[in-house]
Each structure stands twice: as structure tokens, then as C-alpha cells.
Amino acid sequence: MKLDNLIERFKAQQKNQYQVAATGWKQRVKKLHALQQAIEKTYRKPLQDALLADFGKPTIETDLTEIYQVVKEIKHAKKQLRHWMAARKVPTPSALLGTTSWYRYEPKGVCLIISPWNFPVNLTFGPLVAAIAAGNAAILKPSEMTPHTTAVMGQIIADLFPENEVALVEGGIEVSTALLALPFHHIFFTGSPRVGKIVMKAAAEHLSSVTLELGGKSPCIVDETADIKGAAKKIAWGKFLNSGQICITPDYLLVQESVADRLGQALEKQVRSFFGPQPIASHSYARIVNNSHFKRLVNHLEDALDKGAVLSFGGTYEADSRYMAPTLLRKVPETATLMQEEIFGPLLPMVTYRNTEEAIQYINAREKALSLYIFSKNRKSTNHILKQTRAGSSCVNTNLLQYSNHHLPFGGVNNSGIGKSHGIYGFKEFSNQRAVLKQTFPTAMELLFPPYNSFKQRVANITLRWF
Ligand code: NAD
């Protein structure tokens, strides 16, 4: 796309923003409904086909992790929007008697949504739902790595919205950089912490507000009281869904020494039950998105094995189809790149620990995680871990499901993100809380207007003491 066109689209949205903002809840619900119909009905099959073409994503997974997630967000927003948009009265302090105060959410204006490739529909249209609900104009810039899906999403947007309201632009770093140079009112970015820093620096230039939905290494603790078979089933699902290309997937296991062997065996059994003895032949297992990510993962694997890691199961791959087997590695040294970078693939390292304090120390010595999972039947130690560690979200005795509850805020903390999304939290992210105070009668404050004298000093003393 020509960069001049980007600027034109941006300017058109700037011009139109107050018309979009002036819409009431009924009009916004209508737009959300049209988006829902397009995703759920008209474009469901094209989206499924596009994701299959982009990285072999099984159709059921497209239904559940892409289409259903967005439709669920839309249904929730449609139901709640009238309430979210209503002005909220707040109490009046006694010194301000004679006034009333309230606040309401007003749209930020023109917003930029930059999304990654791993759940391209969900992570582009999910934030868009919140942007529309809040009354914004928006430009969407999905990842260049899923071109088929981006093309279908572009068609949906062109079908439903005029360009001066919502526009989708295709392109990679160059387009993203050009967009980031523009004075958007809000930037909602989902991607890596590395690019998150670039986005935040660019936003600082215009003091644009940001939501950064980032990634990192999410630990998964399994202690000796856990139901090992149940934990293995959920972890094998959470780690190997989308071939491990999920921001909130368990990045590595922290397992209490006494149950490490049992968990390893249970995981192997579970992987066989999900994907058969040859996962490469399974229709339920996705591929790695592109050659460069495939090579990155092969390098991680070889580096770990070179440095002495032990392969428990998996470890095979095929470059032509970008297949990498579900893999468990033990005794991975800390110096291995696998233990230093977010894995974002089907390689699962297992680290062992002896007691809870050791596990907590291991976690707290690293960046704050996007998610932290605990499998345990010991309520006291579970609560202790929740209190003594920091993460964007957590699950106890399961994984990934926190993402699906739109009543919960979703997001990271510091290195794993800034700001929250989903439901009301996403709506707030795309809104400015506008405070209004209206005076109807004279207030006591007027007694303190200049010129000052000893009487006013006495009134000030009384105010300080009693109000
Ligand atoms: P990425 O950061 O490489 O790219 C994300 C987006 O930024 C893409 O649209 C890309 O075109 C753009 N981009 C890339 N480099 C850029 C640059 N230098 N300047 C401007 N824009 C640039 O991330 P990715 O590889 O697409 O996705 C994987 C990462 O995203 C992982 O770290 C994962 O944890 C994270 N993620 C987070 C969430 C979440 O909700 N927190 C969800 C999915 C993925």
C-alpha cells in the first residue's frame, strides 16, 4: 500500500470521528450485529479455509478459538452496551454542596489496532468490537504472516464499513512504522514485548495512549498433590493447541521433583491419545506459521540438545510442511535459548523444584509473566503462590480458560503488557472517562474567593478541619 493512501485514510477518519462518536448504543449495536453476522455466517467458511491455508489450522480450532471468541465478545457487548455507555453519578463532598458530578465514557477518537498472526481473526476483530462499542473510528493492521486470513478480513471490513470509519490495511513492518508515525488517539497493539517497546516509543511522540497485549514466558507449576493424569490432559491441550503458538500457553513446566517422571509419562500418553502415534498424520494438529519461525524453533531444539537437554518424547520435524512434533524436554540448562526466550511453539521444557519457595524464587527472578498456571490440590500453597508472584492472569488446575471468560480483564503486566481487554475492560481501554461537575447553587468555596482576610482564613481553617 502506498504510504500517501494511509495518510489520506487517517485524515478521513480524523474528519469523521465526531460523527462516529455521536452514535448511540442502538446504532453501535447494529454495527456489532452486522460484524457478528459476517463472521458467524457469510464469512465463516472463507475464514476457516484461509486459516487452513495460512498454517494448517484445524477447522474446529478456527471455530472455537477465532470465530466463537469474537462472536462471544460481540454478544456480550450488545447486551451490555447501553449500561456501559450510561453516565454515572458520583457523590458530592460536603464542601461542594450546590454541585452535582458525573462521568461518562466518551470515545478516544481515531484508533490503531495492530495484531499478530497466531489468532489473526480473534486478535484483530476482538479489539475492534471494543473500539466500535466505544464509538471510535479505527484502522486495522493485521500481521503480514497470515495473508489469506488478512485478505478475508479486509473483505469483511470493506463490506461492512466506509473507510472513514473502519479500514483494514495490509502490510508488514514498513506499513506498521508509517502508521505509528501518525497521531492516533489510541494504539491497541498485540504482539511481542520487543515490538511493544517500538510501539510505545512511537506513541510517546504524540502522547497517544496505548494498550499493549504482549507475551513472554508463562510458567506452569505442577506440585506433588496435583491430579497428575488430569494435569497432563489439560497441559497437553493448552501447550499443543495451535502447535504451541499461543501467548498464554504454558511456556515451561515447573514440576515438583517427586512427580516429574509420572507427569512426563502421563503427558506422552496424552499426546498419543490426542494426535495418535504419528502426530504428523493428525488432522487435529496445526503447523508452524512460516519458515523463519520453523527455523527459530529447530534452532531452539538443537541448541537445548547440544547443551545437554534430554528428550522425553517428540523432537522430530519436517521442514517441507513446517511440522514440529509435540516435544517434551528435561534437564534443559538455563543457558539454553529455550529457557531465555518465549518459545511460541510445541517445545515444552520441564524444570524441577523441591519446595514451593524454590518455585516462587525461580518465577520471580524472571520478567512478570502474561499467565501463570498452578496444578495443585493444596489450597494453602496455591494461595501462597498467587500472593507471592506477579502475572497478568492465572488459572488453578487448568490452563488457557481464563481467556474465555469475558467478565475477567485480560492482559499482562509490565513486560507482558499494559492495559486490559475483553468486555467492559476493552470498552474502557478505547474510552476516555470524561468527568463533569455542574454547579446549580452557590458553594461554600465561594466564601474563599479573593481578596483574602482574617475572616476567610478562619473559614479556611474550618474547611480544613471539618470538610
Ligand atoms: P510481532 O510483535 O512480531 O508482530 C505483531 C505485529 O507488529 C504485526 O502486525 C507486525 O507486522 C508488527 N510489527 C512487527 N515488527 C514491527 C516493527 N519493527 N515495527 C512496527 N510494527 C511491527 O508478534 P508476532 O510474531 O506476530 O506474534 C507473536 C507475539 O505476540 C508473541 O510474543 C506472543 O506472546 C504475542 N501475543 C500476545 C497476545 C496477547 O494477547 N497478549 C496474543 C497473541 C500473541
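Helices (H or I, at least four residues) and strands (E, at least two) are named here as DSSP runs, numbered from the N terminus. The model is predicted: local features need pLDDT of at least 70, side-chain atom pairs count only at pLDDT 80 or more, and totals for chains, interfaces and linings use all residues. Residues are numbered from 1 along each chain as its sequence is written, and side-chain values use heavy atoms, with hydrogens and water left out.

Select Ser243 to begin. This residue is placed in the loop between α9 (228–240) and β9 (252–256).

Next, select Pro450 and Pro451. The peptide bond from Pro450 to Pro451 is cis, with omega near 0°. Pro451 belongs to the loop between β18 (431–439) and α15 (454–466).

The ligand is surrounded by 28 residues, the closest being Lys141, Glu144, Ser192, Leu214 and Glu342. Domain 1 (3–214 + 418–433) and domain 2 (219–410) both contribute to this shell, so the ligand lies between them; the domain bounds come from an automatic or database domain assignment.

Colour α7 (173–180), β6 (186–190) and α8 (193–206): each supplies at least two residues of the shell.

Finally, display the polar contacts (pairs of N or O atoms within 3.5 Å). A ligand oxygen is 2.8 Å from a polar backbone atom of Ser115. A ligand nitrogen lies 2.8 Å from a side-chain N or O atom of Ser176. At Ser192, a side-chain N or O atom is 2.7 Å from an oxygen of the ligand.

Notes: A residue is near a molecule or strand if one of its heavy atoms lies within 4 Å of it. A polar contact is a pair of N or O atoms within 3.5 Å; within protein, one must be able to donate a hydrogen and the other to accept it, and residues adjacent in sequence count only if both atoms are side-chain atoms.
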